[in-house]
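Have the structure open as you read.

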Amino acid sequence: MKFFIDTANLEDIREAKSLGILDGVTTNPSLMAKEGITGQDNIYKHYKTICELVPGDVSAEVISTDFEGMIREGKALSEIAPNIVVKVPMIKEGVKALKWFSENDIKTNCTLVFSAGQAILAAKAGATYLSPFIGRIDDIAWDGIALIEEIAEIYAIQGYETEILAASIRHTLHIVDAARAGADVITSPLKPLMGLLNHPLTDVGLSKFLADHKAAEAK
Ligand code: E4P
């Protein structure tokens with residue numbers, strides 16, 4: 001399973017990269033706005049910086065909602081760096097754009113996915129990645145992880161090559177459960193990612209090892 005970080009914050013990206021297990025980055029317009037990055041030039045410059053920092057796939061989202069606008073934007077985004085993946089919303093015009101990008105060898109990430117039906121459409125259109133939003137599904141008392149399982153089963157039966165990218169991750173257990181449910185990729189903010197490290201018995205055990213070593217050396 002690939003590990004992407006879900007942020008436009010350069011410090012968080014550097015921190016995750018320093019672990020040595022980072023495969024890529026996802027962003028969205030809200031995450032860019034959160035970093036205070038506005039205006040097309042600055043936004044594109046920021047994508048370039050992220051792409052130079054992380055050699056893996058970097059998702060950059062279109063803000064157009066019509067086919068022509070998505071194609072225009074997607075082409076411009078894909079020229080920023082070879083590792084840009086064009087993020088396209090799961091709407092009618094988006095499905096048409098996913099098909100066009102797939103026929104023109106431009107990688108895509110289909111975003112705002114909340115159902116198995118949408119997942120089938122995106123795979124048929126040739127999306128590279130599919131982003132089901134598990135946290136937002138849990139927020140309305142449905143089961144985000146169950147959706148990952150359902151999509152993984154359908155994709156395996158049908159032989160679809162689209163990679164399932166579990167998005168909208170809110171806590172560390174989402175990462176573990178997404179791995180078990182068959183996600184090909186998770187994209188997580190820094191905190192849940194780093195939470196994978198934690199276990200009190202590791203801390204207790206390490207303290208004991210170091211204390212025993214120190215005591216033996218002092219004899
Ligand atoms: C990333 O691809 C998605 O845009 C992101 O994970 C959404 O996360 P949120 O539901 O926490 O905003």
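A polar contact here is a pair of N or O atoms within 3.5 Å; within protein, one must be able to donate a hydrogen and the other to accept it, and residues adjacent in sequence count only if both atoms are side-chain atoms. Keep in mind that this is a predicted model, where local features need pLDDT of at least 70 and side-chain atom pairs count only at pLDDT 80 or more, while totals for chains, interfaces and linings use all residues. Residues are numbered from 1 along each chain as its sequence is written, and side-chain values use heavy atoms, with hydrogens and water left out.

## Who touches the ligand

Start with Arg170: an N or O atom in its side chain is 2.9 Å from an oxygen atom of the ligand. Ser168 also has a polar side-chain atom by a ligand oxygen, at 2.7 Å, and for Lys87 the distance is 2.6 Å. On its own the ligand exposes 350 Å², and the protein buries 85% of that (Shrake-Rupley method, 1.4 Å probe).

The shell around the ligand (residues with a heavy atom within 4 Å of it) includes Asp6, Asn28 and Phe133. Sorted by type, the shell has two nonpolar, three polar and four charged residues.

## The largest pocket

Where does the ligand sit? The space it takes is the largest pocket, as more than half of its atoms lie within 2 Å of the pocket's grid points. A pocket is an open set of points on a 1 Å grid over the protein atoms alone, where a 1.4 Å probe fits, with protein on both sides within 12 Å along at least five of seven lines; lining residues have an atom within 4 Å of a point.

Of its 13 lining residues, Ile43, Tyr44, Glu61, Ile63 and Glu73 are the closest to the centre. Helix 3 (40-53) gives the most here, with four residues. The lining divides into nine nonpolar, two polar and two charged residues.

Key: Helices (H or I, at least four residues) and strands (E, at least two) are DSSP runs, numbered from the N terminus. Ala, Val, Leu, Ile, Met, Phe, Trp, Tyr, Cys and Pro count as nonpolar, Asp, Glu, Lys and Arg as charged, and the others, Gly among them, as polar.
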